[in-house]
Amino acid sequence: MNPKLKDPGIILLVVLVAVSAFVLIWWPTEIYLMGISLAGWLMFFTYFIWFALAVAYVLWIEKVEKEKESD
């Protein structure tokens with residue numbers, strides 16, 4: 001059995017919480033770039049991070065399952 005701390009879901013959950021915490025703790029509502037607050041830009045660009053993490057999770061889980069099948 002793999003330890004729970006090396007589970008891909010747990011590791012990616014920690015990354016998601018860290019990114020969310022960064023955006024929520026540092027919430028610059030008074031800084032504007034092209035008429036949109038910096039918080040809005042941060043929220044927009046984190047969608048790309050969520051998508052990349054979802055792809056990484058799927059590929060990682062497939063690799064783990066293939067390794068389990070081969071054992």
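Throughout this passage, a residue is called buried under 20% relative accessible area, exposed over 50% and partly exposed in between, using a 1.4 Å probe and protein chains only. By that scale phenylalanine 44 is partly exposed, with a relative accessible area of 40%. The structure is a predicted model, in which local features need pLDDT of at least 70 and side-chain atom pairs count only at pLDDT 80 or more, while totals for chains, interfaces and linings use all residues. Residues are numbered from 1 along each chain as its sequence is written, and side-chain values use heavy atoms, with hydrogens and water left out.

Confidence comes next. The pLDDT, the predictor's confidence in each residue on a scale from 0 to 100, averages 81 over the protein chain, and 94% of the residues score at least 70. Helices (H or I, at least four residues) and strands (E, at least two) are DSSP runs numbered from the N terminus. Among these elements, strand E2 (residues 36–37) has the lowest confidence, with a mean of 80, and H2 the highest, at 85.

The packing of two helices can now be described. Helix H1 (residues 8–25) packs against helix H2 (residues 38–70) at an angle of about 175 degrees, and their axes lie 10 Å apart. H1 is therefore roughly antiparallel to H2. Here, axes are lines fitted to C-alpha atoms, for helices over the stretch in contact, and angles run from 0 to 180 degrees between N-to-C directions; under 35 degrees counts as roughly parallel, over 145 as roughly antiparallel, 65 to 115 as roughly perpendicular and the rest as oblique. Contact means heavy atoms within 4.5 Å. On the H1 side the contributors include Pro8, Ile11, Leu12 and Val15, and on the H2 side they include Leu42, Met43, Trp50 and Trp60. The residues of this contact divide into 16 nonpolar, three polar and no charged, where Ala, Val, Leu, Ile, Met, Phe, Trp, Tyr, Cys and Pro count as nonpolar, Asp, Glu, Lys and Arg as charged, and the others, Gly among them, as polar.

Aromatic side chains also deserve a look. Five aromatic pairs are found in the whole structure. Rings of Phe, Tyr and Trp (its six-membered ring) pair if their centres lie within 6.5 Å, and planes under 30 degrees apart count as stacked, over 60 as edge-to-face and the rest as tilted. The ring centres of tryptophan 41 and phenylalanine 45 are 6.0 Å apart with planes at 20 degrees, so this pair is stacked. These two residues of helix H2 are separated by about one helical turn because they are four residues apart. Tryptophan 41 is buried, at 18% relative accessible area, whereas phenylalanine 45 is partly exposed, at 46%. Phenylalanine 44 and phenylalanine 45 have ring centres 5.2 Å apart and planes at 70 degrees, so that pair is edge-to-face. Ring pairs join Trp41, Phe44, Phe45 and Phe48 into a cluster.

Tryptophan 26 sits in the loop between H1 and E1 and is partly exposed, with a relative accessible area of 40%. Not counting residues up to four places away in sequence, tryptophan 26 touches Ala21, Leu38 and Leu42. Tyrosine 32 belongs to strand E1 (residues 32–33) and is exposed, at 52% relative accessibility. Methionine 34 lies in the loop between E1 and E2, is exposed at 69%, and has a phi near 55 degrees, a positive value in a residue other than glycine.
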